[in-house]
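Reader: I am new to protein models and would like to go through this one slowly. Could you take my questions in turn?

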Amino acid sequence: MPNKAGNLYGLTTLCPLLNSSVHNDTFSPVIRLRELLEQYNIVADSSPMRLVPNTYLARFFILDDVIFQSFPYQEEHLKSKYLVFTVNFHGELEQYLEGMYNAIPTDIASIWRDAVGFNVKDAQSFTTYIKKCQVETTFLFNGSTDMSLADQLKSLYIKQEFSDFVFKNQGVEPSVLLQEFKKFIQMTNPTESFPTWKAGVSDLNDIIQYK
Amino acid sequence: MENRIDYHDIQANLMVNYTDFGYLKARYLMIAITNGDKGRAFVSDMQKFITHTPNPHTNIAVQLPKVTTNIAFTYNGLKKLGLPVLTLQSFPDEFIIGMRGRRTILGFDEESAAEHWDEVFNKEIHILLTIDAKTVEALENHYQEIYSIIQKNDGIHLLDGFNNGQGQTTSYQDASALYENGYPTSKEHFGYTDGISNPFFKGMTEEMGNVLGGGKKIAYGDPRSESNWAALETGEFILGYKDEALEYPVAPMPPLLSKNGTFMTFSKFHENVESFNQYLDHAVDKYKLDKEILAAKFVGRWRNGAPITTFPNKEDADKVATQRQQALAAMATAQTTEELLVAKKHFNEINKDFIAFDYDKDVAGGNCPVGAHTRRSNPRGSLEFGNQGAFDTPGALDNRRRIIRRGLPYGTSTPPYNNKGNHGTIIITLTASIKRQFEFVFQQWINYGNDFKLANDKDPLVGNHVRNNGRMVLQGDSSKGEPPHFLCDIPRFIESRGGEYFFLPSITAINMIAQGLVDPT
């Protein structure tokens, strides 16, 4: 299976978009979708994908057309523009898509509202739809271990807190150090799920999720 | 698969000639930005007003708003608005330098030099807003709406410095069709019917233009036959589409910023109506020519717009021009959409006489001089000079020099005519390349004669003649044994009052600029 590396799954989908003629040419669905996607860039940490369990990394973009390589090549064009949705996650495809639908059904409806043949009512029909649009290929992003997202975020959190601990306590008496370390363990709770690093957060402010 | 045009993503002034649809009043605002964030906020405030191209498959006229608004940016403007350095560096040099820096190439010297420009064009301009309306009231109301937004934003301001002709300056430039006996005309101050021909490119519909005369010459034969013309490639006028070289035009990065946008030039040209009339009178005396024939020979069209190459006789020209005028009036007075469509169809048929022509039967220039203004600026495949088959197609040498023209006259000029005052034409051009199209035509075809085998002769009407040194050859009709006439001592009739180069972005790109989302990586 070229889409998988260990527990990492690389999903690539090409979802054809309706053109403006379906709206009597009164507006362009592509412009509308692009503006929606751009909002995820403008408003910090607003991507709905942060709420989807086990998402390592997700990208949305619009494929306008294929590039004409100039003479003497033949000029070719796509019949539609495509929403490209690509995501790397931990686990199995069906389980992930089900989790995605259950986490963000409204966002899914907004993002795919102008996609051809998108008639999704529940997690099952969403999974069926996405699998129809799936391109079987190996588009895997670097930078993830094989662990579940929760484990990765917890590790990240502990690493961050531990570096703070080291800076704060260097050179203190061993007895004090031991006390401080016990406090550190109590605070970070390494064997429990929380506190942990918030999913989808891109800067160092407000990174901790307590429950 | 044919390349579809993203109509909704293209600003309407690029695909639609507003004046064809009765928008005969315009106001142009130049804006400077002092604060990038507030500049972007202003662009964002303008987004809701920007007019995009209507659905071309149903009646355009009914879809256009009462007042249209379009926006364009200079290089310095895009810099102020915070575009990344890599993107700024990807713009073409001539756009970065701007019209002021490129004025020598355009021949803007002597009376056209920058010290004679309206003050505003010697300032750093960042944004151009163009408003086009059917009535003065609609124009004024919309202006007030935009003005109040500008007033509330302390990071931008309207630039003052347009001469208004009464020794004062204003913070906008008005333009309007000229009126005769209360009726609007399509004439400019010299009395010529203007703006008849515009290029026709792939993606345009019949309502937007005409392949006859507007397209490119692909074969010899009857110029009234559609099989001898083809639509120009879209990429000559809109970035992101294939051009006549069968490649994408050079465009700034990223592609999403440039696609569906184009480059725009804005120029204010003063017209020396007094000199022009004096010269005609002088030439009539000296060469014993009919004044109206001489006027027609200058331009290649009679003042009523009929092309002199097909209508060498004034009576025939007047007859067809009257018919065209009546057809135009029928369009203007149509009460319903159906009536308008019928009238428009009738007009298109008559208008063929005005647009569907070439110079194949007039190679030597016996009817229309080779150096006439319209023959120079749009040679219609005549640069083979009768040497058929010299190039792939008759139009091969001029297909890449075509220019979309917009704009309206400004000011008034009434008898007794006089060179002073504030009257002329606002010329707006739209091309994928300012350098290859707009600048080339000015440098090589308007202010030089080599491509027409006319040595140093310049365009008689628009050329930058220095100290009355302009010359023009009126080739005689050799079949009638007519000798040629050599006109000399032509003064400069047109003077630049300034202008600037702009980038006219797509709807998508305007949003990217407003939101600070332009990413060249």
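Reader: How many helices and strands does chain A have?
Author: This is a predicted model, in which local features need pLDDT of at least 70 and side-chain atom pairs count only at pLDDT 80 or more, while totals for chains, interfaces and linings use all residues. Residues are numbered from 1 along each chain as its sequence is written. Helices (H or I, at least four residues) and strands (E, at least two) are DSSP runs, numbered from the N terminus. On that basis, chain A has six helices and six strands.

Reader: What radius of gyration does chain A have?
Author: The radius is taken over C-alpha atoms, and the globule rule is 2.2 Å times the number of residues to the power 0.38. For a compact globule of 211 residues that rule would give a value near 17 Å, but chain A has 22 Å.

Reader: What does the C-alpha trace of chain A span along its principal axes?
Author: The spans follow the principal axes of chain A. They come to about 75 × 45 × 35 Å.

Reader: What share of the residues in chain A is buried?
Author: Buried means under 20% relative accessible area, exposed over 50%, and partly exposed in between (1.4 Å probe, protein chains only). Of the 211 residues in chain A, the buried ones make up 38%.

Reader: Which helices of chain B do the buried residues of H1(A) pack against?
Author: The buried residues of H1(A), including Leu33(A) and Leu37(A), pack against strands S3 and S4 and helix H3 of chain A. Contact here means heavy atoms within 4.5 Å. From chain B, the partners are helix H10 (255-258) and helix H17 (507-515).

Terms used
Chains are lettered from A and ligands numbered from 1 in the order in which they are written. Side-chain values use heavy atoms; hydrogens and water are left out.
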